[in-house]
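Biologist: I'd like to learn how to read a structure like this one, feature by feature. Could you walk me through it?

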Amino acid sequence: MDFYTASAVKRPVRLSEATRHFAYESIYHFRYGQDTLRLESVSIDDAAGGSTLTPLERYDAAIRAIAEKSPVRICEQEKISGAATLGGAILHVVPAKADNAYFCGSISHLTVDFETILRIGYQGLSEKIAQARARCSDTERLPFYKSLENTVRSLEIWHQRYLEALNGKEEYEENYRNLCHVPKYGAANFYEAVQSLWFAFAFLRLCGNWPGIGRMDLLLGDYLKKDLETGTLTIDQAREILSHFFIKGCEWITGRPCGSGDAQHYQNIILSGIGPGGKDITNEVTYLVLDIVEELGISDFPITVRLNARSPHRLLRRIAEVMRHGGGVIAIYNEDLILSSLKNYGYPEEEAVHFANDGCWEVQIPGKTLFSYVPFDALLILQNEVLKKYENTAFSSYEELYACFKEKLSPFVEAICCQYKSTFDNTSAPPKEWRRKPQEPCTVVSLFEKDCIERGLSYLEGGTVYTVLSPHIGGVADVANSLYAIRKLVFEEQKISLPDLFALLKNNWEGGEALRQYVRSRYRYYGNDNNEADQIVADILNDFAAACRRQDGSSPVLFPPGVSTFGRQIEWRAHRLATPSGSRVGDILSGNASPTPGTDFAGVTSIIKSYCKPDLKKQVTGAALDIQLLSRSCEGAEGLRALVSLMQGFLKLGGFFMQIDVADAGILREAQQHPENYQNLSVRVSGWNARFATLNKDWQDMVIGRMETE
């Protein structure tokens with residue numbers, strides 16, 4: 001069995017042939033993904049009450065219908081059971097229809113609280129709901145409590161259907177035995193914990209939601225430790241069990257092209273780092289996860305490892321061993337910097353230590369955060385608002401030009417924050433008394449968020465501990481490079497006047513090719529360890545962070561800044577003009593906090609140095625650096641040492657988040673021409689992984705472009 005990657009490094013074999021066959025059926029033959037597409041949704045047209053149902057009652061009817069009518073799927077040889085079998089869930093909606101139309105969206109960009117159901121099961125959640133409802137004196141919140149009770153009942157119905165399907169089947173005796181106890185009650189051992197975690201996750205997905213998994217080794221580590229100590233399990237048995245979690249997580253692979261890729265359901269996993277009390281939580285589960293994704297080449301659960309200055313060398317080397325296979329499966333957080341960032345921003349230390357992500361890479365406190373973000377293109381602010389599409393030449397110095405950009409940036413950020421504030425009622429009162437206006441029902445997610453039960457409010461209507469809207473700046477490198485080129489070309493070297501330069505840019509550099517080549521090749525832009533260019537990036541990010549910080553305290557919402565594009569540079573190009581740094585109309589420019597393609601010539605170390613010069617602690621939800629390495633640079637013992645050194649340097653210099661992809665542009669070009677030969681070739685896109693063959697040509701070209709320089 002051959003799992004395609006961008007690397008020639010041979011994958012180890014640790015798992016049984018039966019498990020590898022199960023993986024092959026799921027990943028290569030798309031067997032279960034295709035099966036999921038057979039039934040898109042269930043209907044609630046026969047629900048009691050019909051058109052008189054409130055939105056919340058209609059939602060409850062949908063969740064009940066999903067629990068009762070969705071196909072029960074038992075995969076051949078599976079060691080854990082439960083499946084999200086409605087194709088509509090892949091569309092990010094609640095997969096139920098009324099009058100043949102979807103009527104309710106679903107939730108993503110969050111990591112839910114799985115710890116509670118592992119500990120007390122849904123029976124314990126039911127008891128918590130009953131107790132909170134008995135204490136509630138606000139009758140307006142009683143419908144939500146009823147919805148919570150209905151949701152638990154729907155989960156129980158779905159659970160019972162699987163018990164009935166498994167009962168009496170000798171080959172699934174262990175599955176049945178585990179499901180007799182979990183997830184209704186708290187897990188007693190590692191096998192039950194994996195089953196409980198999967199079943200809760202699958203139910204959330206079945207209902208259309210796309211949650212992150214969070215800190216899997218923290219969730220499961222103590223269960224495995226106990227079982228290993230008592231001899232209940234061997235490490236090889238545990239690896240087999242856990243591998244089925246990952247294989248079943250490929251149940252939405254259909255093999256069909258879908259624009260920006262097939263694996264972006266935000267089911268990211270966090271590994272390692274410190275836990276409560278400052279203790280390192282790296283454990284056997286940490287290494288089992290790395291074993292599994294290495295052997296099976298599974299990219300559907302992108303992994304981010306929390307690293308710090310004290311992370312064990314064994315872990316760094318193991319990460320490097322998996323990274324060099326390609327696929328961009330593993331990224332890294334600089335834990336020390338992020339903990340400092342969160343505490344400086346105001347999060348209590350006991351909260352900050354639990355940080356995970358939103359299912360992509362933006363930092364949040366899992367199980368306690370309503371998270372959303374608003375991306376914007378800073379290059380458009382420069383080109384349209386400051387330079388007036390190259391009509392405004394009234395700048396006598398670089399300093400005056402930058403001051404104008406800073407002046408336009410601040411109200412832009414303020415407008416983003418004010419728009420979100422408009423989703424609240426009672427805004428004339430003190431912020432703590434504000435209430436979110438009615439939102440779409442989302443009780444399934446609310447069940448797995450701390451404080452929603454206690455407060456009697458849904459995830460979207462104030463139930464979470466933290467409400468976060470993060471403005472995300474994009475195109476920073478492109479703005480900085482544009483400003484740097486103007487500064488050098490016009491104000492320092494005086495090779496051309498500002499009006500004449502702008503005339504060339506309005507004509508997409510027509511008639512100015514010699515000058516365009518000069519600015520492309522002469523200047524060392526962001527990404528080449530040039531202090532002058534890098535300082536402009538630092539200035540932009542500092543001013544952006546300050547603009548966001550000024551909004552905090554004006555509402556119940558936190559407005560932490562972040563840096564991202566998530567591939568939006570593809571759609572943004574249609575609105576951008578040519579740039580002073582030499583790009584033309586239609587060029588795909590910088591992604592996330594990475595250099596503009598074709599402008600970084602000094603190597604990966606210089607890219608990291610440039611990226612780390614701004615104070616990234618101020619970008620509280622994250623600033624992603626995308627790194628591409630050639631496969632041959634990661635080969636052998638020397639290649640592993642180089643990868644480890646790269647990670648250590650990233651930590652020492654003060655990076656925030658780095659995602660590394662090992663690939664060769666030649667292989668990607670070949671895969672673009674002959675996708676049938678590279679069905680499982682995975683690449684890192686931007687916080688998620690995708691099979692290269694499922695990306696459309698624009699996205700493929702963007703990924704290839706990151707591997708090439710002019």
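**Reading salt bridges, a helix and a core**

Modeller: Let's start with a single side chain: arginine 573 has a relative accessible area of 21%, so it counts as partly exposed. Keep in mind that this is a predicted model.

Biologist: Which residue does arginine 573 meet in a salt bridge?

Modeller: Aspartate 698, with N and O 3.1 Å apart. Arginine 573 sits in the loop between helix H22 (569–572) and helix H23 (604–612), while aspartate 698 belongs to helix H26 (residues 697–707), so the pair ties together parts that are 125 residues apart in sequence. Aspartate 698 is partly exposed too, at 33% relative accessibility.

Biologist: And how many salt bridges does the structure hold?

Modeller: There are 49. Take the one between glutamate 295 and arginine 20, where the closest N and O atoms are 3.0 Å apart. Glutamate 295 is in helix H10 (residues 284–296) and arginine 20 in helix H1 (residues 17–27), so this pair links parts 275 residues apart in sequence.

Biologist: Are glutamate 295 and arginine 20 buried or exposed?

Modeller: Both are buried. Now look at arginine 133 and glutamate 149, whose side chains meet in a salt bridge at 2.7 Å, N to O. Here arginine 133 comes from helix H4 (residues 115–135) and glutamate 149 from helix H5 (residues 142–166), so the parts tied together are 16 residues apart in sequence. Arginine 133 is partly exposed, with a relative accessible area of 30%, and glutamate 149 is partly exposed at 32%.

Biologist: Let's move on to helices. What should I look for along one?

Modeller: Start with the general idea: an α-helix has 3.6 residues a turn, so residues three or four places apart point the same way. Then try helix H8 (residues 216–230). At 1.5 Å a residue, its 15 residues should span 21 Å, and the end C-alpha atoms are 22 Å apart, which agrees.

Biologist: Where is the kink in H8 centred?

Modeller: On aspartate 222, with a bend of about 30°. After the helix comes glycine 231, whose phi is positive, near 80°.

Biologist: Which residues of H8 are buried?

Modeller: Met216, Asp217, Leu219, Leu220, Gly221, Tyr223, Leu224 and Asp227. The cover over them includes H4, H7, strand S4 (214–215), helix H9 (235–248), strand S5 (269–271) and H10.

Biologist: How do I read a nonpolar core, then? Which residues have the most contacts inside the largest one?

Modeller: The largest core has 244 residues, and those with the most contacts inside it are Phe190, Met216, Leu242, Phe245 and Phe246. Helix H7 gives the most to this core, with 13 residues.

Biologist: Can we zoom in on one more side chain? Where does phenylalanine 201 lie?

Modeller: In helix H7 (residues 190–206). Its relative accessible area is 0%, so phenylalanine 201 is buried.

Biologist: What is phenylalanine 201 in contact with, leaving aside its neighbours within four places in sequence?

Modeller: Phe114, Pro211, Ile213, Gln267 and Phe301. Look at glutamine 267 in particular: the C-alpha atoms of phenylalanine 201 and glutamine 267 are separated by 9.3 Å, and the two residues are 66 residues apart along the chain.

Terms used: Residues numbered from 1 in each chain as written. Predicted model: local features only at pLDDT ≥ 70, side-chain atom pairs only at ≥ 80, totals over all residues. Heavy atoms only, no water. Helix = DSSP H or I, 4+ residues; strand = E, 2+ residues; numbered from the N terminus. Buried < 20%, exposed > 50% of the residue type's maximum accessible area, 1.4 Å probe, protein only. Contact = heavy atoms within 4.5 Å. Salt bridge = Lys/Arg side-chain N within 4 Å of Asp/Glu carboxyl O. Expected span 1.5 Å × (residues − 1). Bend = angle between axes of the 7 residues up to and from the residue. Core = buried A, V, L, I, M, F, W, Y, C linked by side-chain atoms within 4.5 Å.
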